[in-house]
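Please open the model in your viewer and keep the selection panel at hand. The tour below moves from one selection to the next and says what is to be found at each stop.

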Amino acid sequence: MIDLSKTDLNSCNIQYIKGVGEKRAQLFNKLGIYSVRDLISFYPRKYQDWSKNVSVLDAPEGEAVAIKATMITPVKESLIRKGMTLYKCNFSDGQNVIHVTLFNNKYLAKSLRTFDDYILYGKVEKSFTSASMTSPQIEKLDTADGIHPIYSATDKLNSRAIAKVVKTALDNIDYIEDTLSEDIIKRYKLCSLDFATREIHFPSKQENIEIARRRLIFEELLTLQLGLLKLKDKKEVKNDLVIKADLTDEFCSLLPFELTGAQKRAISECLADMKNGKAMNRLIQGDVGSGKTAVAAAVMYSTVKSGYQCAMMAPTEILATQHFESLSKLFDGTDFNIALLTGSTKAKEKREIKAALMDGEIDIIIGTHALIQNDVEFSELALVITDEQHRFGVEQRANLAMKGKNPHLMVMSATPIPRTLGLIIYGDLDISILDELPPGRQEIRTDVVTSAYHERIYSFIKKAVDAGNQAYIVCSLVDEGESDLISAKEYAEELQTKVFSQYNLGLLHGKMKAKEKDGVMSAFSRGDIQILVSTTVVEVGVDVPNATIMLIENADRFGLSALHQLRGRVGRGKDKSYCILVSDNDSETSQERLHVMKSTSNGFRIAEYDLKTRGPGDFFGKRQHGLPNLIIADMLGDMDTLKECQQCAKEMLRDDIRLDKYPLLCQNINDMFRKTDY
Ligand code: ADP
Ligand code: MG
């Protein structure tokens with residue numbers, strides 16, 4: 001074992017910790033833990049408090065508790081069948097007896113001694129005459145200490161084993177050097193990093209968990225803020241791609257509709273940015289259907305008329321193709337040359353497009369990631385637009401910005417985020433919000449029902465499909481575990497054979513390759529697939545106006561914002577559309593949440609409700625923000641801390657733009673932005 005107090009924790013491999021070694025290190029790697037720093041930043045998911053014990057009589061049923069008890073009968077062993085041994089014994093808390101059953105746990109069973117005192121930790125089941133515990137954790141009273149950390153574990157690496165290694169590591173580090181100055185620590189009333197790290201893993205008392213959490217959250221959000229502000233600073237670059245005139249009025253004559261006030265505002269904010277000699281960095285945020293594409297088109301119009309090129313990127317081929325088609329139609333009456341470049345563009349055509357881009361013959365290019373490949377060069381690229389930006393990471397954005405001479409950047413997102421929060425997580429961008437929907441949208445009828453209604457729903461879908469419409473069935477959840485996938489496949493097969501045998505069903509799931517997904521989506525878009533069963537959130541932004549029914553199974557398992565996005569897939573055409581939320585969860589909170597969906601179609605309002613009641617974890621989805629994954633910080637719950645950090649970050653950068661005084665923090669910033677796999 002090397003002396004951890006003298007090594008760099010960020011670069012020291014965990015395999016050098018006593019008891020780890022190469023093999024186990026791999027198990028830790030699976031959890032994203034490579035360095036000692038990673039290990040001590042792998043915080044517990046929750047805690048078990050073994051210090052507060054209750055009597056058998058007071059133990060609530062179905063809730064894990066600690067009970068101090070004496071073993072009163074020796075262990076009885078019985079072999080139930082091959083490979084299954086049962087161990088039974090009785091304990092007493094001084095008043096009542098508790099029957100304990102262990103399965104196959106020979107090691108624990110053999111270690112128990114009659115008349116010794118123990119702490120039993122687990123759930124108590126009670127009947128009229130007795131109380132029992134099945135497979136509780138058991139420790140001797142004198143070694144069972146206070147609050148136990150529980151880590152997210154894997155099959156081969158349990159929480160206890162993780163705790164042991166963390167403990168060994170911490171015991172071998174004299175003092176964890178602080179990343180912040182004394183002054184900041186005092187000003188923001190924080191504890192030291194050393195204290196926080198030790199107490200978050202092995203709290204000496206309950207109150208310390210909060211104190212430690214505050215410091216670690218502060219640390220993380222500050223790192224994030226500093227990283228973003230530095231990024232913004234880097235991006236505040238001069239560019240001489242100046243838009244000569246705002247030609248939005250001229251552009252409007254191409255549109256079959258009037259722009260909304262919000263659209264006009266966003267367009268003029270963009271064009272103002274593009275006139276001042278600096279590169280634009282703007283987020284256009286608008287609810288589903290708020291008309292972001294028209295904003296993009298208007299800005300492109302003035303840009304092309306000033307003699308420049310524009311590039312627009314979408315996260316999938318199908319979205320790129322959709323944009324290509326609608327923009328080609330819109331600019332039909334102009335002399336603009338528009339092209340589409342995706343992964344499936346034929347090699348010869350690709351070559352031609354690339355040559356035309358370099359010559360400046362193409363004015364607007366629309367595409368997927370293929371657009372940011374190194375060999376795509378432009379003659380005079382002035383504007384880069386990315387649609388559904390949360391799919392693109394900060395890094396990819398930066399990559400695009402490097403094309404040409406620091407082009408203006410515009411990103412469009414449909415994730416509704418309350419403004420304050422948006423300002424913080426998109427710290428490197430300016431924001432325009434489209435808070436107005438185009439007039440005349442018809443309401444989507446939303447219903448919340450139980451699974452008892454399935455028969456009726458199925459015949460409703462059949463009727464709609466017979467009338468020429470299409471339907472989505474979303475049957476899984478945010479998290480795509482293996483078993484969910486299987487259940488989705490099974491469900492789709494069952495629907496195809498038993499319910500919708502006369503119809504064409506398609507299946508879309510998260511484990512499919514991008515190409516396969518696009519294939520299924522295109523088939524749905526063309527109408528070859530009538531009913532699309534999906535485990536994953538149906539491609540955000542996809543526009544199949546003919547689809548009129550969105551059926552969501554186990555709707556209570558989704559965040560409301562996710563439901564809102566899903567619902568936004570229908571109601572895009574002339575036909576009346578429906579969103580059916582199926583849930584058998586009759587708890588009051590769950591029913592109330594689902595009824596919020598019924599009561600409003602305003603994405604911002606829904607997002608706010610979601611944030612208030614469930615916290616931002618769901619709200620942002622796993623990677624929705626396109627920012628590094630925050631290990632501990634809980635964006636909205638920690639709104640106040642977030643604001644403090646923003647303040648603190650600004651002050652720090654004002655005094656010391658390169659953060660020379662904070663080398664450790666700089667290292668962490670780089671780590672945070674590098675590690676993220678977008
Ligand atoms: P999103 O913001 O979700 O990307 P889109 O740009 O796809 O929305 O627009 C949704 C639909 O609304 C499109 O069919 C578009 O033509 C239409 N639309 C956009 N702006 C207006 C407007 N001002 N008035 C009427 N319809 C509009
Ligand atoms: Mg869109």
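## A parallel sheet and its helices

Begin by selecting strand E19 and strand E20 (residues 531-534), which run parallel and are joined by 4 bridges; helices (H or I, at least four residues) and strands (E, at least two) are DSSP runs, numbered from the N terminus. The model is predicted, so local features need pLDDT of at least 70 and side-chain atom pairs count only at pLDDT 80 or more, while totals for chains, interfaces and linings use all residues. Residues are numbered from 1 along each chain as its sequence is written, chains are lettered from A and ligands numbered from 1 in the order in which they are written, and side-chain values use heavy atoms, with hydrogens and water left out.

Within this pair of strands, show Leu507, which stands opposite Val533 in E20. Then widen the selection to the whole open sheet, whose 6 strands follow the order E17-E22-E21-E18-E20-E19 with parallel pairing; two strands pair if DSSP finds at least two bridges between them. At the edges lie strand E17 (445-449) and strand E19 (505-508), each of which pairs on one side only. Neighbouring strands of this sheet are turned against each other by 15° on average, direction ignored.

Helix H19 (residues 588-599) lies across E17 and E22, and runs at about 165° to E17.

Strand E11 (residues 309-313) runs parallel to E14 and is joined to it by 5 bridges, with Cys310 standing opposite Leu383 in E14. E14 is also joined by 5 bridges to strand E15 (residues 408-413), again in parallel, and here Ile385 stands opposite Met410 in E15.

Centre the view on Met410, which is buried, with a relative accessible area of 0%. Which residues does Met410 touch, not counting residues up to four places away in sequence? Among them are Cys270, Met280, Arg282, Ile284 and Val295, as well as Leu383, Val384, Ile385 and Thr386. For Thr386, a C-alpha to C-alpha line to Met410 spans 6.5 Å in space, although the two are 24 residues apart in sequence.

## Helix H1

Select helix H1 (residues 21-30) and colour its buried residues, which are Ala25, Leu27 and Phe28. Seen down the axis of H1, these buried residues fall within an arc of 155°, so they line one face of the helix; the arc is that of the directions from the helix axis to the C-beta atoms. They pack against helix H2 (36-40) and helix H4 (159-171), whereas on the other side of H1, Glu22, Lys23 and Lys30 are exposed. H1 is followed by Gly32, whose phi is positive, near 80°.

## Salt bridges

The last stops are salt bridges, each a side-chain nitrogen of Lys or Arg within 4 Å of a carboxyl oxygen of Asp or Glu; by this rule the count comes to 20. Select Asp194 and Arg198, which form a salt bridge with the closest N and O atoms 3.1 Å apart. Both residues lie in helix H6 (residues 193-201), 4 residues apart, about one turn of the helix. An α-helix has 3.6 residues a turn, so residues three or four places apart point the same way. Asp194 is buried at a relative accessible area of 10%, while Arg198 is partly exposed at 22%.

Go on to Arg445 and Asp447, where the closest N and O atoms of the salt bridge are 2.9 Å apart; Arg445 is partly exposed, with a relative accessible area of 46%. Finally, show Arg526 and Asp528, whose side chains meet in a salt bridge (3.0 Å, N to O). Arg526 counts as exposed at 58% relative accessibility, and Asp528 counts as partly exposed at 41%. Elsewhere, Asp178, Arg215 and Glu219 are joined into one network by salt bridges that share partners.

Technical notes. Buried means under 20% relative accessible area, exposed over 50%, partly exposed in between (1.4 Å probe, protein chains only). Contact means heavy atoms within 4.5 Å. Axes are lines fitted to C-alpha atoms, for helices over the stretch in contact, and angles run from 0 to 180 degrees between N-to-C directions.
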